[in-house]
Structure formats: C-alpha cells, structure tokens
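Please take a moment with the sequence and the model shown here before reading on. The report moves from the whole chain to one residue.

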Amino acid sequence: MLDPTRRHAGFARAPEWRRLDGGGAPLDLKIEGATVIDGTGTAGGRVDIGIRDERIVALGDLSREHAGNTLHASGKTVTPGFIDIHSHSDWQLWANRRAESKIRQGVTTEVVGNCGFSPAPVTPEHVDELRGFALHVPKGLDFGWARFGDYLQALDRGGLALNVVHLVGHGALRIAAMGFARRAPSADEMKRMQRLLVDAIEDGAWGLSTGLIYAPGSFATTEELLTLARAAARHRGFYASHIRGEGATVIDAVTEAIHIGREAELPVQISHVKAAGRPNWGKVAQVLGLIDAANDEGLDVMGDAYPYTASSTSLRTLLPDWALEGGLDAMLARLGDAATRARIRRDVLEPAAGESMAVRVGWDNVMISWAPTRRDVQGKRLSQIAAARGSDPLDAAMDLLVEEQGRASMILFQMDEADLRRALAHPRIMIGSDGSSLAPYGEMGAGKPHPRNYGTFPRVLREYVREQRVLSLAQAIHKMTALPARRLGLRDRGVIRAGAVADLVVLDPRRVADEATYDDPHRYPAGIDHVLVAGRFVIKDGGHTGSLPGRVLTPP
Ligand code: ZN
Ligand code: CU
C-alpha cells in the first residue's frame with residue numbers, strides 16, 4: 001500500500017524506467033535507500049535511483065532490479081549536482097582539472113567567465129594586455145587561441161572533473177578590440193566587439209558578463225553595454241553583471257542592469273548581490289525590491305549570492321579606475337611617480353561621491369589574502385601591515401602592488417549578516433560562490449584565499465539551513481540546482497528525474513559542513529560522501545577518484 005505521507009515526494013513507486021529503456025539490460029549503478037531531494041524545491045522522499053551510462057533511467061523501488069554496482073545510501077540524501085552560477089575557475093581549471101575545492105562541495109557544473117573576464121577571445125595586438133591583467137596564469141593557459149571556440153576546445157580536450165558553462169567577458173572583448181583605452185570605442189572598434197561577441201556565442205558561450213567596477217569594464221557607458229547586450233539577445237545569450245557599484249551607488253547600478261535587460265530584451269543575472277560598506281547596510285532589501293518589480297513588469301531578472309559577509313577581489317581594485325588606464329605597466333608607472341601617486345591617494349581618501357574606503361570599510365577590515373612573494377603579509381590586515389612597515393595603510397597597499405607587480409588579492413569584511421540572510425532567503429536569488437576551483441597543494445594552495453572557494457555550498461546547508469533555519473533543505477538545494485538550471489535553460493541537469501543526466505550528490509544532511517575559515521581556508525568540507533558527474537564517481541567515500549567525466553557544455 002502507498003504511504004500517503006510520502007505522496008508529496010512526487011515520485012510514485014511506479015517503475016518509470018521501463019518506459020525509458022524497455023527494462024532489458026541491467027543498470028550500471030543503483031543508489032538504494034536514500035532520501036531524494038529532486039531540486040524542484042519540494043521535500044524529499046525515499047526513492048531508489050537507477051543509472052545507465054550517463055543518465056538516470058529509473059526511479060522508484062528498484063530492490064528487484066539488477067545493477068552492476070549498488071550504493072547503499074540509507075540515512076543519506078541524494079540531490080542533483082550543484083550548479084555554481086558564479087565562478088571564476090576559468091583560470092584555475094588549467095592547473096586543477098580535478099576541480100578539487102568545488103567538486104568536493106558537490107558542484108558538478110561551474111558557470112565561468114564572470115565579472116567581465118574570460119581568457120578568450122584574444123587578438124594578437126592585445127594578448128599581452130590580457131595576460132598582464134590576469135592575476136594568475138597557470139601553465140597550459142597559453143592564449144594560443146584566437147576564437148572563443150578554439151579556447152573552449154582546448155579547455156575541454158584536457159578533461160575536467162566537472163562541467164563548465166562559459167560566459168564571454170565584456171572586459172575580454174574590449175581588450176581584444178581596443179586594449180585598456182579609457183574612452184568610448186570608435187565605430188570600428190564597436191563593430192569588432194560585436195563581431196567577437198557573436199562569434200563567441202556561436203562557438204558556445206552562454207551569455208555576456210560585465211565587471212563594471214573593473215577596468216576596462218568601468219570605462220564603458222550604458223550605451224556601449226546596450227549595443228552588445230542587443231547582439232547577445234539576438235543569439236539567446238543572457239546578461240550577467242557585476243554591477244557598477246555595490247555600495248553607495250548600488251541602487252543606480254541595479255537600475256542600470258535592469259534597464260539593459262528591458263531595452264535589449266534579455267535575461268539579467270545580478271551577480272553576488274550585496275550592499276558593501278557599513279553606511280549601505282540594509283540596502284539589499286531595496287535591491288530585492290527592484291528585482292521583484294522588474295519581474296512584475298515581465299522581465300526575467302534574478303541574482304546570486306555567496307554565504308559570507310566578506311568579499312574578495314584583486315588589491316588593485318582599491319585604486320581609482322583612471323589609475324588602471326593603459327594596462328598593468330601604465331598602472332605601475334603611475335604608482336612609481338610621486339605626483340601621480342599623490343593624486344591617487346587624494347582620490348581614494350576623498351572620493352568625489354560617497355565615503356572613502358577608510359570610513360566605509362576601515363583598513364582593519366581589509367586583509368591581504370594573496371601576495372605571491374611577500375608571504376608574510378598574507379592573512380594580515382592592511383592596518384597591521386602598515387604599522388609593521390611604519391607607513392600608512394593606503395601606502396602599504398600601493399607599495400605592495402608595486403612589489404608584487406600588481407598581483408595581489410584582498411578580502412574585505414564589509415557586509416551585513418541581516419542583508420545576507422535576506423538575499424539568501426529570496427526566491428529569485430540562487431547560490432554562487434564567486435570563487436574558483438582551488439586545491440590545498442601545489443600552486444593552487446597559495447595564500448589565504450576567501451573560504452568561499454572551499455565552503456560555499458556546505459556552508460549554506462550548515463549555517464543557513466541546519467543552524468539558522470533561514471531556508472529549508474529542499475529550498476536551499478533548489479537554489480543550487482534547478483533554479484540556476486532555469487537561468488541557463490539547462491533542461492537535463494539540476495533536477496533528478498528519469499532521463500536527466502546523472503550529476504548527483506550523496507550527502508549527510510546532519511553532518512554536511514564547511515571547514516574552511518579565513519585563517520585556515522584550504523580545507524575541504526565534511527559530509528559530502530559521493531559526487532557523480534554523468535554517472536561516474538568523481539568523489540567516492542569522500543575521496544577524489546581522479547575521474548574526469550566533465551565537459552564544456554554548449555547551449556541548447
Ligand atoms: Zn564580481
Ligand atoms: Cu565574480
């Protein structure tokens with residue numbers, strides 16, 4: 001007899017799989033006895049999962065079905081593999097095809113090419129500028145490609161532990177067309193950017209990303225972005241934006257992103273929703289209100305967030321954008337010139353709009369997370385570093401930039417917990433790490449990177465589901481699976497149903513936890529027992545199998 005309390009699970013005990021494969025050949029793998037949360041947001045129920053090849057072919061009571069392998073998973077929960085809608089692994093995956101820190105969180109698909117940056121397209125005239133601006137260029141990432149498609153093929157060819165969905169960065173397009181020029185593009189340059197964008201989308205990019213606080217993205221007007229967004233819309237791409245301001249100007253910046261969605265008629269993803277800086281705390285409520293109003297108007301606007309109250313970015317982002325005009329060498333020359341450096345100081349300490357960094361965030365709340373040669377400063381606050389050097393925090397930061405040739409990162413403790421909870425709870429906000437696939441060993445184990453690289457997804461499940469109860473488990477899983485799949489238009493991932501690709505996570509909902517902290521960030525999470533990509537174990541019993549079944553996915 002059917003247990004009526006189980007009916008909400010949505011899975012009848014009917015052997016659906018017979019319809020899919022005729023019931024002939026045995027299953028490759030059977031996951032038995034677990035609670036299945038299917039990603040749609042509804043509560044879970046006990047269902048067995050049958051897998052053949054790369055797909056789920058059977059759901060229900062499979063106790064009588066033969067399978068090559070059986071995973072006994074009583075007491076565990078099975079969910080769709082997590083889709084990290086906002087990642088920057090496009091650089092690190094070249095050194096870390098095992099995608100250690102992400103796959104161990106249960107991430108089976110990463111959306112990369114965010115915040116305006118992507119390693120392609122490149123043009124021979126400007127390739128050095130792109131390389132100079134990448135914080136870290138691992139071996140293998142040699143920019144030996146011209147078209148976006150050549151790059152995607154090179155990425156795919158070496159094998160990957162997880163799947164990659166790629167966006168094309170507006171910054172990369174602009175560098176390819178006109179370098180780090182701080183002006184509007186000429187008509188020819190604009191045409192060139194459009195051409196490169198359309199080629200990228202035809203080659204497999206899923207959309208256009210912008211990073212409007214970073215040079216050269218910050219040099220672009222709304223009009224320039226609209227022209228490109230219209231071209232993306234014609235090819236069914238979406239628009240993901242690190243908006244023009246996340247502090248004093250956050251409301252204007254969200255309004256600009258929505259305006260682009262409205263005028264260019266394409267879906268908008270507001271990246272890493274936040275209100276940065278103490279004077280702006282509380283503004284996330286207004287941001288979410290704008291997103292809701294846009295949807296009421298009939299637009300498709302969503303956003304993502306990571307579950308931490310600190311952000312992280314390159315150290316040079318402290319500088320006013322004019323200081324970055326012309327690229328890395330020009331920036332370093334400015335920092336070496338006393339008069340220009342004094343101008344930079346003035347612009348940082350007495351900005352034309354809003355409050356200065358020192359007031360907004362405070363130098364105690366800025367931690368150097370990575371400095372490749374001055375390891376002693378990693379993990380220290382700018383105020384501490386300045387005191388030790390007998391200088392002032394901004395000078396210490398500028399000196400560090402010169403010493404490290406522009407390559408250094410920081411963590412800013414600048415957001416509000418109540419804002420974060422509000423964002424995470426909102427039905428149109430999904431989970432995105434804003435981090436990369438790292439590993440505790442080799443070149444990827446350097447520094448004290450933001451713990452989000454290792455902990456984002458388990459942290460949501462521990463802190464915001466189990467401890468604070470901001471979300472139910474099924475709601476949180478939905479924000480990691482079917483909701484990002486909907487944004488991407490991915491039909492056969494992000495959900496557990498017969499016919500879907502078997503990207504799966506087997507976890508212990510009572511034990512799942514992030515272990516990475518700001519002091520000790522290179523730590524894998526607990527409670528993620530198994531992770532399958534396309535039916536193959538990449539994580540088995542908490543260990544990496546070395547299997548690389550992931551693919552660079554192309555849009556439907
Ligand atoms: Zn960003
Ligand atoms: Cu980002």
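## Secondary structure

Helices and strands are here taken as DSSP runs, a helix needing at least four residues and a strand at least two, and they are numbered from the N terminus. Counted in this way, the chain of this predicted model holds 19 helices and 23 strands.

## Overall form

Along the principal axes, the C-alpha atoms fill a box of roughly 80 × 50 × 45 Å.

Of the contacts in the chain with a separation of 6 or more, 77% are between residues 24 or more positions apart. Buried residues make up 62% of the 556 residues.

## A look at leucine 155

Leucine 155 belongs to helix α5, which covers residues 148-157. With a relative accessible area of 0%, leucine 155 counts as buried, because that term applies to values under 20%.

Leaving aside residues up to four places away in sequence, leucine 155 touches Trp94, Arg97, Leu160, Val164, His166 and Val552. Valine 533 stands 378 residues from leucine 155 along the chain, and the C-alpha atoms of these two residues are separated by 17 Å.

Key. Residues are numbered from 1 along each chain as its sequence is written. Chains are lettered from A and ligands numbered from 1 in the order in which they are written. This is a predicted model: local features need pLDDT of at least 70, side-chain atom pairs count only at pLDDT 80 or more; totals for chains, interfaces and linings use all residues. Side-chain values use heavy atoms; hydrogens and water are left out. Buried means under 20% relative accessible area, exposed over 50%, partly exposed in between (1.4 Å probe, protein chains only). Contact means heavy atoms within 4.5 Å.
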